[in-house]
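Subject: Structure handover

Hello,

Here is the structure I said I would pass on. My notes on it follow below the view.

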Amino acid sequence: MKTAGIIAEYNPFHTGHEYQISQVREALGADYVIIAMSGDFVQRGTPALFSKYTRAEMALKCGADLVLELPVAAATASAEFFARGGIQLLDRLGVTDFLCFGSECGDTNVLMDLAEILTREPEDFQNMLRQKLKEGFTFPKARSLALSALFPGFSDYQQILSSPNNILGIEYCKAILREKSPIRPVAIKREGNEYHDTTLTERIFPSASAIRSAITNAPDLSSALPHNVADQFLPASCRELFLREISRNHFILENDLDALYRYCLLSETEDSLCTYLDLSHSLARRILSCKDQYETFSQFTEVLKTKEITRTRIQRALLHMLLHIRKVPEQIPYARVLGFRRDSSALLGEIKKKSRIPLLTKLPDAPKQLDGNSEAIDLLNETTFASNLYESILAQKNNKAYIHEYRQQIVIV
């Protein structure tokens with residue numbers, strides 16, 4: 001039995017993601033595909049467009065066999081810890097043979113070579129990196145220059161470290177090396193729009209950013225993604241679900257949390273802010289000094305952005321304040337099931353036999369399954385809180401009944 005893993009956000013799911021899953025099956029001959037997916041909040045520090053259950057259903061309808069939730073502290077962390085969490089989750093299932101990921105270069109060997117250098121961090125590299133940082137270069141630029149100076153041939157690869165999916169691919173490879181995991185990385189060349197493209201074009205595959213932008217900036221929902229656009233960029237098997245969620249207003253945008261952020265900014269101090277993940281004293285002071293300028297989340301993060309601190313880092317810091325996230329878990333101690341395909345019973349049976357961590361399918365039973373592991377229970381409670389907050393916002397926005405996370409139903413396709 002060959003099993004491939006994919007670490008994803010699917011924010012939202014589109015034809016490029018469907019292509020990746022089909023490539024995994026065809027190129028690797030994978031019998032099963034497991035998705036380690038972010039929950040209701042994502043790595044860029046914002047709520048996911050659709051709930052984790054909707055996105056899990058889309059993935060399952062488009063070829064995935066099992067969707068597991070990456071705990072919120074890992075899902076909203078920097079690339080290094082996001083990658084580490086995903087690798088730990090897939091590795092501890094005991095059944096994952098491959099990790100497949102999209103990248104701009106598509107060359108697994110190149111990404112693995114760079115990962116080995118960056119994992120070892122030889123003394124010459126560390127000295128050169130410190131020198132470049134003292135000269136005023138940003139960390140990504142300093143790292144690129146240090147590698148170029150010390151390792152022959154790296155100049156051919158400088159572009160790699162400026163491309164987001166390549167960077168994340170390198171972090172996956174680093175995590176595999178550090179975890180001493182037998183999982184084999186496989187890079188698939190990214191096709192279609194660039195990762196940060198915010199406009200839909202005639203290319204085959206869009207970026208998730210472009211789809212979110214179309215919805216955010218549309219004058220009305222009927223024009224956000226007209227059917228002719230949806231037909232081009234959304235997989236046929238989940239198109240109806242996607243359009244239904246849009247038409248019913250069952251989605252959340254980053255500015256839907258504005259009232260909550262204003263409340264937090266009124267109640268926090270510099271010392272309390274610095275207890276949250278990604279928040280330094282200098283950033284905390286900047287946030288507090290600018291808090292009266294808050295109009296919307298997107299506007300406020302633009303106000304706070306500097307040459308030294310990226311907008312994404314600020315968004316993550318603010319989200320960690322909102323969700324009271326203080327640390328990244330050292331280990332992923334459980335596998336929470338969001339959904340699976342009915343014909344994947346053999347995969348689930350194999351996981352139950354080989355997994356080194358509990359497989360959670362019913363949250364009310366989780367404390368017993370976690371057997372008094374306080375750190376695991378705290379991590380689950382933290383993720384449950386985030387999901388309940390998301391559901392509360394969604395329920396209020398649509399004047400619908402609120403459903404506690406313990407009463408949510410696993411998706412079965």
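His324 is partly exposed, because its relative accessible area of 41% falls between the cut-offs of 20% and 50%. Please keep in mind that this is a predicted model. The residue sits in the loop that joins helix H17 (311-323) to strand S6 (335-340). His324 is not a glycine, yet its phi is positive, near 60°. For background, most residues other than glycine have a negative phi, and most peptide bonds are trans.

Is Tyr10 buried or exposed? Tyr10 counts as buried because its relative accessibility is 2%, and the cut-off for buried is under 20%. Tyr10 belongs to the loop between S1 and H1.

That loop, between strand S1 (3-8) and helix H1 (15-28), also holds Pro12. The peptide bond leading from Asn11 into Pro12 is cis, with omega near 0°.

Next, a pair of helices. Helix H5 (residues 108-120) and helix H8 (residues 164-178) have axes that come within 8 Å and cross at roughly 60°. H5 is therefore oblique to H8. The crossing of the two helices is right-handed. Which residues of H5 and H8 make the contact? On the H5 side they are Leu111, Met112, Leu114, Ala115, Glu116, Leu118 and Thr119. On the H8 side they are Asn166, Ile170, Cys173, Lys174, Leu177 and Arg178. Sorted by class, the contact of H5 with H8 has eight nonpolar residues, two polar and three charged.

Last, the nonpolar cores. The largest nonpolar core has 50 residues, and those touching the most other members are Ile34, Leu66, Leu68 and Leu99. H5 gives the most to this core, with seven residues. Leaving aside residues up to four places away in sequence, Leu66 touches Val33, Ile34, Ile35, Leu60, Val337, Gly339, Phe340, Leu347, Leu348 and Ile351. There is also a second, separate core of 44 residues, and its members include Phe300, Ala317, Leu322 and Leu394.

Regards

How values were computed
Residues numbered from 1 in each chain as written. Predicted model: local features only at pLDDT ≥ 70, side-chain atom pairs only at ≥ 80, totals over all residues. Heavy atoms only, no water. Axes fitted to C-alpha atoms, helices over the stretch in contact; angles between N-to-C directions. Helix = DSSP H or I, 4+ residues; strand = E, 2+ residues; numbered from the N terminus. Parallel < 35°, antiparallel > 145°, perpendicular 65-115°, else oblique. Left-handed = near helix turned anticlockwise from the far one by under 90°. Contact = heavy atoms within 4.5 Å. Nonpolar A, V, L, I, M, F, W, Y, C, P; charged D, E, K, R; others polar. Core = buried A, V, L, I, M, F, W, Y, C linked by side-chain atoms within 4.5 Å. Buried < 20%, exposed > 50% of the residue type's maximum accessible area, 1.4 Å probe, protein only.
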